[in-house]
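Hi,

Here is the structure I said I would pass on. Have a look at it first, and my notes on what I found follow below.

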Amino acid sequence: MHQLRTPKAMRNTVRPRTHSKYVALAEKVGAKSNCVRRNVGAVLVRNGRIIAAACNGVSRRFRNCLVAGCPRCKGGGDVGTGYDSCICLHAEQMAFAIAAREGKSVKGSALYVNLRPCLACLNLAVAAGVSKIVYKEDWSYDRELELQYRRLSRRLSAFVHVP
């Protein structure tokens, strides 16, 4: 389990039950995904209020990402690779886009996802001012990239894996 080391005053600032509630909501939202590879959901929460919730996938004009022509989803591949050839938006990206479109700041918010964010989404969350990320399903990059990932995750006040 990868949990960011934080001062005791910052640990468990949100009760575990609250984590579970929002991660469960992320899973429910993710079930609406039209990506054939994986159903991912993301929920942005600030001050106990949901700012945005979204799933990964392509435009609803298409039944799924294969019909839309996604080369990555057609070709398979490993988790954490091939995103440069994927036309699916990640759930985190879509949640940030929804918040921006509605004029809602994500600064100081918590991001709940049912799958650990990729490096690009982690980078986007840090740049947008997200303070915490809580995720359910874990995975990791190769050793060198994983070190960079963990270094970036330390810029958050909390980065928590909840099984």
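Predicted model: local features only at pLDDT ≥ 70, side-chain atom pairs only at ≥ 80, totals over all residues.

Start with Arg46, which stands opposite Arg49 in β2. In total, 6 bridges join β1 (residues 41-46) to β2, and the two run antiparallel. They make a hairpin with 2 residues between the strands, and Asn47 in that turn has a positive phi of about 55°.

β1 also pairs with β3 (residues 110-115), again in the antiparallel sense, over 4 bridges. On that side, Val45 has Ala110 of β3 as its bridge partner. How much of β1 is buried? Most of the strand is covered, with 5 of its 6 residues buried.

Next, the packing. In soluble globular proteins, nonpolar side chains tend to be buried together. Here the largest nonpolar core has 29 residues, and the ones with the most contacts inside it are Leu44, Leu111, Leu122, Val130 and Ile133. Which elements give two or more residues to this core? They are β1, β2, α4 (91-101), β3, α5 (119-128), β4 (132-137) and α6 (143-153). The largest share, 5 residues, comes from α4.

Leaving out residues up to four places away in sequence, Ile133 touches Leu111, Pro117, Leu122, Ala125, Leu156, Ala158, Phe159 and Val160. There is also a second, separate core of 11 residues, and Val23, Ala26, Val134 and Val160 are among them.

The aromatics are the other thing I would look at. The structure holds 5 aromatic pairs. Trp139 and Tyr141 make one that is edge-to-face, with 4.7 Å centre to centre and 70° between the planes. Both Trp139 and Tyr141 are buried. Tyr141 also pairs with Tyr149: the ring centres are 5.8 Å apart and the planes stand at 50°, so this pair is tilted.

Are those two tyrosines, Tyr141 and Tyr149, buried or exposed? Tyr141 has 11% relative accessibility, so it counts as buried. Tyr149 is at 0% relative accessibility and therefore counts as buried too. Put together, Tyr135, Trp139, Tyr141, Tyr149 and Phe159 form one aromatic cluster.

Which rings does Arg116 lie over? Its charged end sits over the ring of Trp139, 4.8 Å from the centre. Arg116 also lies over the face of Tyr149, at 3.8 Å from the ring centre. Both of those rings, Trp139 and Tyr149, belong to the aromatic cluster.

That's everything from my side for now.

Cheers

Notes: Residues numbered from 1 in each chain as written. Heavy atoms only, no water. Pairing = 2+ DSSP bridges. Buried < 20%, exposed > 50% of the residue type's maximum accessible area, 1.4 Å probe, protein only. Phe/Tyr/Trp six-rings, centres within 6.5 Å; stacked < 30°, edge-to-face > 60°. Lys NZ or Arg CZ within 6 Å of the ring centre and 35° of its normal. Core = buried A, V, L, I, M, F, W, Y, C linked by side-chain atoms within 4.5 Å. Contact = heavy atoms within 4.5 Å.
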